[in-house]
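Hi,

Here is the structure I said I would pass on.

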Amino acid sequence: MMIVPSPLRLRLDSAALVANWRWLAAQGCAAACGAAIKADGYGLGARAVMERLAAAGCRDFFVASWAEAAALMPLAGQVSLSVLHGAGADDMVAARTLPARPVLNSVEQVQRWREAGEGRPCDVMIDTGMNRLGLRVEEAMSGALDGLTIEILLSHLASADEDSDQNAAQLAAFRSIRERIRARRYSLANSAGVCLGADYAFDLTRPGIALYGGTPRREAEGQIRQVVHPEARVLQVRTVRAGESVGYGATWAAPRATRVAIANLGYADGYLRCHAGTGGATWQGCVLPLIGRVSMDLTAFDASDADGIGEGDWLGIDYDLPARAAASGLSQYELLTGLGARFARDWR
Ligand SMILES: *Cc1c(COP(=O)(O)O)cnc(C)c1O
């Protein structure tokens with residue numbers, strides 16, 4: 001097959017990924033530190049993330065669906081994989097055959113797992129106040145789980161990224177569940193929950209966003225390293241005359257003759273229109289502000305300061321997650337998971 005080089009790529013920093021995992025693990029003290037790798041590892045590539053973290057000592061991985069679990073087969077022997085959406089009616093063939101555990105989310109799912117009748121271990125999600133997935137505390141307490149072999153009992157924090165009273169309330173509810181429901185391990189904290197302190201860590205934490213360079217709370221500021229560095233090639237450099245405009249809707253007009261670099265990147269790659277006005281790129285240390293509207297496959301940058309830039313050069317796209325989220329109105333999660341399939345994933 002012909003190898004066609006991609007004109008846009010994510011430079012992915014393995015050392016930063018592992019350093020972030022180690023920092024998160026250290027916050028949990030004695031707790032093990034797992035990894036949420038759903039949505040294809042938040043857009044980085046679930047298999048590549050799993051391999052790197054498993055090599056660093058991570059043993060517990062979480063995906064959303066059985067399709068995501070199947071895509072990770074075969075698993076390395078020592079890793080454990082949990083499927084957060086549990087055991088739906090259509091999932092039972094996969095749930096019976098793949099070496100992964102469902103996170104049972106309702107009395108109906110518990111019943112379905114019992115009827116499958118293999119007595120294999122499962123995980124269970126208890127809802128302690130988020131009202132998304134999970135058995136209600138009363139349901140769990142009234143015998144619905146009797147006789148199950150529960151590997152991990154989970155709950156999920158709704159507001160851990162804020163200083164909300166809901167955090168302490170969910171912690172208290174989870175502690176009381178832990179007194180009453182037997183499981184081999186207990187797990188509550190996502191990335192932001194890890195930052196709330198070791199009280200929230202229990203036996204196992206489940207960070208996602210912070211592994212990939214997101215800063216979930218101020219406690220993580222300066223600790224988490226950027227992992228994802230998008231880069232796009234310059235397709236053309238042109239000089240726009242004073243008074244001429246650039247792009248759809250002519251939203252930017254040149255105040256003076258301006259060198260403009262057109263990059264091979266657009267909203268179809270997840271680089272959305274909300275970056276207009278604040279986005280930018282760098283080339284050999286020069287700053288190139290985004291100008292005009294982002295198109296589907298093209299974005300224009302003001303290359304006034306980029307002396308010598310030309311066709312084929314690589315631009316580094318500004319993608320510091322907290323800064324980009326603040327400027328664009330997108331969440332750090334959306335910034336990562338929106339990055340499209342046209343980027344080559346280039347791990348270093
Ligand atoms: C996505 C997810 C996580 C990871 O959350 P982050 O905020 O990305 O750290 C942990 N647990 C559950 C149940 C999740 O769905």
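Predicted model: local features only at pLDDT ≥ 70, side-chain atom pairs only at ≥ 80, totals over all residues.

I started with the ligand. There are 14 residues around it, and those that come nearest are Lys38, Tyr42, Ser191, Ile209 and Tyr333. Sorted by class, this shell is made up of 7 nonpolar, 4 polar and 3 charged residues.

Tyr333 puts a polar side-chain atom 2.6 Å from an oxygen atom of the ligand. Gly208 uses its backbone instead, with an N or O atom 2.8 Å from a ligand oxygen. On the nitrogen side, a ligand nitrogen sits 2.9 Å from an N or O atom in the side chain of Arg206. As for cover, the ligand on its own has 390 Å² of accessible area, and the protein covers 93% of that. The space the ligand takes up is also the largest pocket.

How many disulfides does the count come to? It comes to 0, with a cut-off of 2.5 Å between the sulfur atoms. Take Cys195: the closest cysteine sulfur belongs to Cys33 and is 11 Å away, so the two are too far apart for a bond. Cys195 counts as buried because its relative accessibility is 9%. Cys286 has 18% relative accessibility, so this residue counts as buried as well, given that the cut-off for buried is under 20%.

That's what I have for now.

Cheers

Notes. Residues numbered from 1 in each chain as written. Heavy atoms only, no water. Near = heavy atom within 4 Å. Polar contact = N/O pair within 3.5 Å; in protein donor to acceptor, adjacent residues only side chain to side chain. Areas by Shrake-Rupley, 256 points an atom, 1.4 Å probe, with all protein chains shown as cover. 1 Å grid on protein atoms, 1.4 Å probe; cavity = no way out; pocket = protein on both sides within 12 Å on 5 of 7 lines; lining within 4 Å. Sits in = over half its atoms within 2 Å of the grid points. Nonpolar A, V, L, I, M, F, W, Y, C, P; charged D, E, K, R; others polar. Buried < 20%, exposed > 50% of the residue type's maximum accessible area, 1.4 Å probe, protein only.
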